[in-house]
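I opened the notebook to look up charged side-chain pairs. Here is the model I worked from.

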Amino acid sequence: MLNRNLNALISGQTNYKRMKLSQIGEFGIIEKIIEPNFRKLLGENQFGIGDDCAIMELDKSLYQIVTTDLLIENTHFTRDKISAFDLGFKALAVNLSDIASMGGAPVATFLSVGFPADLEVSWVQEFMQGYRDLSEKESVPLLGGDTTKSSSQIVINVAVIGKVEKGKVKKRCAAKSGDIICSTNVLGDSAAGLRCLQNNIVDTEYAKHLIKRHNAPVPRVAEGKFLSQFKQVHAMMDISDGVFSDIKHILKASKVGAKIYCDRVPTSLYLKTACKENNWNKMAFSISGGEDYELLFTVEKEFFPLLKERFKQEFDRELFVFGEIIEGEQKVLYLDDEKEIDVESGFRHFG
Ligand code: ADP
Ligand code: MG
């Protein structure tokens, strides 16, 4: 029923007023209403909606890549749970993470803001200090934007332009059966940090760490560039919505299936402690929790030991493996201790 409505909606036969956006969701809007209507306008060597960044040809050897993200107060953050400094840092970080996920280097950023008139000037100063802190760390200039008054909520939009060598760009569509599924770090810390904030658990050592990971995630730009050197690394994206949601994008784009070994999804000691002390479901954080902004990638199995060693030399950190790409239906088989489990209903129950 829903699909018939959607198809009719695109061809203009449906009564728009009878459907709410919540019925088709964020990806329904993008895939059914936005993307199909603009496909015909795509130029040669332009790849648009569907990956972490848009890709355009810059010259013979380089692609230009572009990403943009919007943060709205009370939807993506609340003023009482994140400092202005961290919010400035995070607004840029989530965009740099998309550049990282293509294996690119950021070239310039643009910042547009809507601020309510009663916002303190010092808040804006701190916000910009956070934005500048990460800009300096990644050596990327702010080249423009827009500043406007909003009625009550803070609205932040960042756009980043980057570049990547043509032969090195990593997309979501390149996963191959037999690849293993990896991440650049432990997962679930950010979602647990948000839970700590919501439950007012802020003073313990684990809470401080998890909240930091939520409020000021570090984009893995150097790691993305490092991984992009290797042709054995196939598909790549960043984890913004959680493995559970994000892996589906790789499967759909690459037309493959996957097995995820839930008990091998890496977690930090901080997350383990938080779950033990509060009786939380660790897997719900590590598998379905979002906003870690680590890189999720697939790589040829035989190459992984060497990649892991080289990564360790370069970053003094581990790479983690927790699944494999398989042929066939674009579905994920979730296994715990080698037994198949139904994580979807588990997470729905968890809420
Ligand atoms: P990410 O989480 O990596 O930022 P999103 O899930 O927000 O990516 O978006 C998925 C894809 O859809 C991206 O390629 C993005 O550019 C595109 N997209 C999202 N919203 C719009 C829009 N309003 N118009 C055009 N493209 C969009
Ligand atoms: Mg992304």
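Which residue does K212 form a salt bridge with? I found D86, with the closest N and O atoms 3.3 Å apart. My cut-off for a salt bridge is a side-chain nitrogen of Lys or Arg within 4 Å of a carboxyl oxygen of Asp or Glu.

I noted that this is a predicted model, where local features need pLDDT of at least 70, side-chain atom pairs count only at pLDDT 80 or more, and totals for chains, interfaces and linings use all residues. Residues are numbered from 1 along each chain as its sequence is written, chains are lettered from A and ligands numbered from 1 in the order in which they are written, and side-chain values use heavy atoms, leaving out hydrogens and water.

Next I placed the pair: K212 sits in helix α6 (residues 205–215) and D86 in helix α3 (residues 84–101), 126 residues apart, so the two link distant parts of the chain. Helices here are DSSP runs of H or I with at least four residues, numbered from the N terminus.

Then I checked exposure, taking buried as under 20% relative accessible area, exposed as over 50% and partly exposed as in between (1.4 Å probe, protein chains only). D86 is buried at 11%, while K212 is partly exposed at 46%.

I also looked up R39, which pairs with E35 at 2.6 Å between the closest N and O atoms. E35 is buried, at 19%.

My last pair was E165 and K168, at 3.5 Å from N to O. Both E165, at 41%, and K168, at 28%, are partly exposed.

For the tally, I wrote down 19 salt bridges in the structure.
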